[in-house]
Amino acid sequence: MPQRPLTAILARRLAELLAQGLLLVDAEGRVLFWNEPGEALIGRTWADAAPVSVGDLVDIMGLVGEAGGAVSADELPLSTALAEGRTCHRSFAQRDGGMARRIAMTAFPLDAPDGRRQGAIAVLWDEPGE
Amino acid sequence: MRVTLWGVRGSLPSPRAGTMRYGANTSCVEVGVTGASLVVLDAGSGLFRLRESAWATASRVDLLLTHLHMDHVVGLGFIADVFGPDQELHLWGPASPGADLRSRLGRYLSPPLFPARIDDLPRTISIHEVPAGGMDLPELEVRADWVCHPGPTLGYRLSDGLTSVAYIPDHEPALAGGTRFASSPEWTSGHDLAEGVDLLLHDSQYTEAEYSARMSWGHSSVRDALIFAAATGARHLVTVHHDPSHDDHHLDEMLDLAREAGPHPFELTMGSEGAAFELHPPHSDR
């Protein structure tokens, strides 16, 4: 396995040390890591995760739109960050057994100093209901 | 390929009676194959000593900067004293999202920090930002990648097709890797640059005690440099970027401790100014 880009290496290191839920993907949308605080929100440990891509996250996390409608992978902030190179935020409802909660996600691209897109990172949190 | 060290000190030139054996000049390394062209790695104060090199008059010189910290660029102001007007000079350095390389170098090469501006230097220099992944030079293939150090910082791997040298003088791989440092090549900063290289010039500034108080400063302990060299399969580790406070006696002690931590799967040398290394393919007649 070739070495990961430095931005990914440093992002993972940071994610391991933070109390916020963080999820890291590579430039092709393959999930590289999510941290322990993120596991509680994603619903699965990173160690148990099979190779996962951004496209799998909707189902893994049980996400639906805030009004209850289906959510496509393209609507995830991570997808926007990768495709458009900008920071993006969105809130979702999450099916968790019989309970519903709101999950907020903000993602931004990881671009090297030379401008190459090397991935994206998302911070996740439990958004209190109104 | 011949590799000659003209500056192995980090942070600050440190001339004094006790530093003459390993040297006092900051980072500068010469790499050549036939002498028709020359690659210079970093332009610390050691650049001035390049005048002593038989290859300093090569018709084309490519000067590769790892980053723009002062100890790696201070020699640029005196580049006209090293290279003549008939030599083709190319200066390469890391890209940055904020400003182009010429502008960033101009922060040093302009008043009040320097009496002349970069465009006023009595030499024509072509300035390039290193393209993603590296580039091919007349006699050497150059691979470049970002490494863990404050600010945009590159490591380089040079190859003539038969032998290779990796130059990572400012590097803190343990900070980036954490518990996976060196055990997971995928997650080790600089790994692919140094993998299986014949000669590895690597940051080894601190003792373990010093490093524990200087984590995140961007430099490596000798111990972590040894671990990195073993993990990447380098054949010969040359420690560079010596701390300005370490005199020759202290460096001797650091080398002894490093040797005692062996045996190592690589040759180990404490880098010193003027040292030259002739690289030969494995199993070649020498």
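Predicted model: local features only at pLDDT ≥ 70, side-chain atom pairs only at ≥ 80, totals over all residues.
# Reading salt bridges, the interface and the core

Q: Which side chain does B:R235 meet in a salt bridge?
A: As a general idea, side chains of opposite charge can pair when their charged atoms come close. In this structure the side chain of B:R235 meets that of B:D198 in a salt bridge, with 2.3 Å from N to O. B:R235 lies in the loop between helix 6 (222–232) and strand 12 (236–240) of chain B, and B:D198 in the loop between helix 4 and strand 11 (199–203) of chain B, so the pair ties together parts that are 37 residues apart in sequence. B:D198, at 10% relative accessibility, counts as buried.

Q: Where do the partners of the salt bridge between B:D252 and B:R21 lie in chain B?
A: The closest N and O atoms of B:D252 and B:R21 are 2.6 Å apart. B:D252 belongs to helix 7 of chain B, while B:R21 sits in the loop between strand 1 (2–7) and strand 2 (28–32) of chain B, so this pair ties together parts 231 residues apart in sequence. B:D252 counts as partly exposed, at 22% relative accessibility, and B:R21 is also partly exposed, at 48%.

Q: What does the side chain of B:D248 reach, and which side chain of opposite charge is nearest to it?
A: The cut-off matters for this reading, because a salt bridge needs a side-chain nitrogen of Lys or Arg within 4 Å of a carboxyl oxygen of Asp or Glu. B:D248, in helix 7 (residues 248–260) of chain B, is buried yet has no salt bridge, and the nearest side chain of opposite charge, that of B:R21, is 4.4 Å away. The side chain of B:D248 does reach the backbone nitrogen of B:R21 at 2.9 Å, and a polar atom of that side chain lies 3.1 Å from the backbone nitrogen of B:Y22.

Q: How many residues does each chain bring to the contact between chain A and chain B, and what area is buried?
A: The contact takes 18 residues from chain A and 24 residues from chain B, and the area buried between the two chains is about 1700 Å², with carbon and sulfur atoms giving 58% of it. On the side of chain A, the residues that lose the most area to chain B are A:Q3, A:L6 and A:P113, together 38% of what that side buries.

Q: How many salt bridges and polar contacts does the rule find across this interface?
A: There is one salt bridge across the interface, in which the side chains of B:E186 and A:R4 meet at 2.7 Å, N to O. Both partners are buried, B:E186 with a relative accessible area of 17% and A:R4 with 15%. The two residues also belong to a network of salt bridges that links A:R4, A:D26, A:E28, A:R30 and B:E186. Five residue pairs are in polar contact across the interface, and helix 1 of chain A gives the most to the side of chain A that touches chain B, with seven residues.

Q: Which residues have the most contacts inside the largest nonpolar core?
A: In soluble globular proteins, nonpolar side chains tend to be buried together. The largest nonpolar core here has 44 residues, and B:V3 and B:L201 have the most contacts inside it. Helix 1 (residues 6–17) of chain A gives the most to this core, with five residues. Leaving out residues up to four places away in sequence, B:L201 touches a set that includes B:V3, B:L5, B:V29, B:I168 and B:V240.

Note on methods. Residues numbered from 1 in each chain as written. Chains lettered and ligands numbered in written order. Heavy atoms only, no water. Helix = DSSP H or I, 4+ residues; strand = E, 2+ residues; numbered from the N terminus. Buried < 20%, exposed > 50% of the residue type's maximum accessible area, 1.4 Å probe, protein only. Lys, Arg positive; Asp, Glu negative; His and termini not counted. Polar contact = N/O pair within 3.5 Å; in protein donor to acceptor, adjacent residues only side chain to side chain. Core = buried A, V, L, I, M, F, W, Y, C linked by side-chain atoms within 4.5 Å. Contact = heavy atoms within 4.5 Å. Buried area = accessible area lost by both parts, 1.4 Å probe.
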